Each structure stands twice: as C-alpha cells, then as structure tokens.
There are 2 protein chains.
Amino acid sequence: MRVLVPFDAAEPKTRLAEALDPDERATLAHRLLGDVLGTVSDAGHEPVVLATAAVDVDAPVRTDERPLTPAVDDALADAPLPAGVVMADLGLATPGSVERLVGTAGDVAIAPGRGGGTNALVVRDPAFHVDFHGASVRDHRRIAAEAGLTVETVDSYRLGTDVDERADLAELALHGEGAAADWVRERFAVAAEDGRVTVARR
Amino acid sequence: MRVLVPFDAAEPKTRLAEALDPDERATLAHRLLGDVLGTVSDAGHEPVVLATAAVDVDAPVRTDERPLTPAVDDALADAPLPAGVVMADLGLATPGSVERLVGTAGDVAIAPGRGGGTNALVVRDPAFHVDFHGASVRDHRRIAAEAGLTVETVDSYRLGTDVDERADLAELALHGEGAAADWVRERFAVAAEDGRVTVARR
C-alpha cells in the first residue's frame, strides 16, 4: 500500500522551540521522518514523502507547498486505494503498529492522536476527504458519516503519540525504538516532576 | 482474573481543580470508577476496588489508607495470580482494551500511561512488586528485569489515557463511551486551540 508521509520541510517542530534550538529541531524532525519511513517499509508498504519543499530522504518525494489538507487530498486522489497517511513525527510507531492500522477495517481507518488529532489514516473509498484543521478526528468521523462511509479506529498508544512538545521528548525517550529516540536519549534524561515526567539536558 | 482498581476516595482529581469544582471532581471520579468497574466486569473479570476509604460501589472494596505502592503490593500478595491492576480514571477503557491487556504475554504485562505512568498491569509472578512513584513504567521494567522476569507492553491509546487534567476532558469527550464521558459532554464543548483541543463550558 502507498503510504503518504506528510512532512513540513520549512520550519519543522516549532512547538519544541523552548526545548531545542533550530538546528536540533531540524535534526530531530529528519530523524523522526527517517524512522517513520523505515517503519512503513518494514511493515511492507511503500512510503511516499509529501513535503512542502525538497527533502533528502531514501524514499520518493512529492512536493506540495500548500497546507496539509489540500496537499493530502490531491495526493490521495493520485494514489491507488487503499492508501495510507502516516504523520512524519510518530516517533513511537513500529512495524507492528502500522500493520495494526492497515489491518483495521472500515472505509476509513483512523489512528487518533493526542489532543483530537488524526495521526494516521487508511482510506479505502474515494468519497472521503481529509480536514486536518482543529479537532480533525471528529471532522474525519463527520466527513465519513456524511459520505455514508464506515470508520474504524485503531487503539494504539504508539500511533497516538506525535512528537510536538517537550513532554513528548520524554515519551520518545521512554518508549521509542528508532534513531530519533536514540538522539533524544543521548541529550536528555527523563525526570519526574509533579507526577508526570519531563526531560532535562544531560 | 481478579483486577484491583485503586481509587483515591479522599480528594480525587485535584489536578482538575482549574476546570471543575470539588463536587464536580468527586462526581466525575465516581463516574470514572463506575465505568472502569463495568468495563472490567464486561471483559469477564472480577474487579475489586482498592480504596483509601469506604466507597459506595457495585463491587467488593478493600480499604487501605496507605500510599498506592504498598497498598497495591499487599493486595497483589493476597490475590491469586495472575491478577490485574487497572487505574480508576481510565475513562476511555473498553472491554476490548482490557481483553488485549489480559491477553498480553509476559510475567508482567504493562499498559503505559501518558507521561511515564503505568495505567494498567497484569502480574503473573509473585517476584514482581510495584513502584508507582515517578516514571513508574521505567521502574516497573527495571524491577522485573532485576527479578529475571519478562515484561510485555500492550499498545493501547485507550489504556494509555488517564483523566488527570483539563486536556484529558477533551479526550473523554472525543473518545469516551461511558457515563463519565457523557457527563463531560453534557457540560463541556470541545474547542480547538493552537492545534490541540481543549474543553470550554457550554
């Protein structure tokens, strides 16, 4: 299955600015992307990077400068269905979790992300379209329902965790198995604080 | 399988103080507890509430005023193994996710919680003991390794989401299927803000 991996090549991971400098953010974003591409390949699928600008990776790249929603919709329209979408910052994703996503039934299969997001999708019907603005998991359910399509959800902590802010670095350090997690563990220690954990520079 | 459901009967859900008044916090905590007990029962297991004080629920209650770690350790020592531990605030838990936990192999099966926590456990070997302080998922892996025990992880967004703070009310509203989620949806609307969602009073 073709799996689109959207990637913001311009200024990735701005919400990590309080934890990482711009070079570090770019490095982490590229490591996360590489991990996700490897994970999708290892699960037996064909990743295609959908990037806002050219990016040097070991996978085909489709560039589209537009916002995420129209870029993904057009790429899905050009893809044989079923097709997948897996965000480039799912640093906990494993081949097993991607296989669970692809093995989830429904005209649309969704992996919800923390905070109302949609972290990964499988689309099996061309009547579906995406909307990544706001609480996208709710919008995607609505869009599917309006088109008479079924939606199934994959219950995955790994696919539900995107790396957006400092606390997510702790998730990577505690649970990640890829190069991005190694990079974080080399630089940050996990520290407990008020019942939740965060990371501190080594 | 006996499944312990630890519950803080004294002052539950203090981290929700900025979103809910004390009566509301108590109401939500009891609804969450009731949902978890029903979910464990529906999955075919026998829930036992492990509470810091008497609590009126439709399940056996074991009271223990001590902190979570010694209370759970003693209750596990009195339970036939395998035995489970499922936190009382897992408002997204479903019978299916509990079945996946119980069906996960290992001398210890762990459902990690957001922020380094351990939201649910199955213990199959008496050499294991718990430690819920700090980044407990890491401590539980270490304790098991030191005792020569295997640990397996269940990859579940539903079990990984405990209801602790305002953002978690949005998780309940978006994904919950129980009485606690209904209660939240009656009072709060999900609102998008800076790319993540939160809740606002209706």
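At what angle do the axes of helix α1 and helix α7 of chain A cross? They cross at roughly 145° and come within 7 Å. The views below show this crossing and other details of a predicted model.

**Numbering and limits.** Residues are numbered from 1 along each chain as its sequence is written, and chains are lettered from A in the order in which they are written. In this predicted model local features need pLDDT of at least 70, side-chain atom pairs count only at pLDDT 80 or more, and totals for chains, interfaces and linings use all residues, while side-chain values use heavy atoms, with hydrogens and water left out.

**View 1. Helix α1 against helix α7 in chain A.** Helix α1 covers residues 22-42 and helix α7 covers residues 179-187. Helices (H or I, at least four residues) and strands (E, at least two) are DSSP runs, numbered from the N terminus. Axes are lines fitted to C-alpha atoms, for helices over the stretch in contact, and angles run from 0 to 180 degrees between N-to-C directions. On the α1(A) side the contact (heavy atoms within 4.5 Å) is made by Glu24(A), Thr27(A), Leu28(A), Arg31(A), Leu32(A) and Asp35(A). On the α7(A) side are Ala179(A), Ala180(A), Ala181(A), Trp183(A) and Val184(A). These residues divide into 7 nonpolar, 1 polar and 3 charged. Ala, Val, Leu, Ile, Met, Phe, Trp, Tyr, Cys and Pro count as nonpolar, Asp, Glu, Lys and Arg as charged, and the others, Gly among them, as polar.

**View 2. A salt bridge between Arg201(A) and Glu24(A).** A salt bridge is a side-chain nitrogen of Lys or Arg within 4 Å of a carboxyl oxygen of Asp or Glu. In this pair the closest N and O atoms are 2.8 Å apart. Arg201(A) lies in strand β9 and Glu24(A) in helix α1 of chain A, 177 residues apart. Over all chains the count is 32 salt bridges.

**View 3. The interface of chain A and chain B.** Here 31 residues of chain A are in contact with 31 residues of chain B. The two chains bury about 2800 Å² between them, 45% of it on carbon and sulfur atoms. Buried area is the accessible area (1.4 Å probe) that two parts lose on being put together, summed over both. Arg114(A), Tyr157(A) and Arg196(A) supply 30% of the area that chain A buries against chain B, more than any other three residues.

View 4. Between chain A and chain B the count is 4 salt bridges.

**View 5. Two copies related by rotation.** A rotation of 180° with 0.0 Å of shift along its axis superposes chain A on chain B, with RMSD 0.0 Å. Copies are superposed by least squares on the C-alpha atoms of residues with pLDDT of at least 70 in both. The two copies are thus related as by a two-fold rotation axis. The same surface serves both copies, as 100% of the contact residues of chain A recur in chain B.

**View 6. The cis peptide bond from Leu81(A) to Pro82(A).** Omega is near 0° for this bond. Pro82(A) is found in the loop between α2 (68-77) and β4 (83-86) of chain A.
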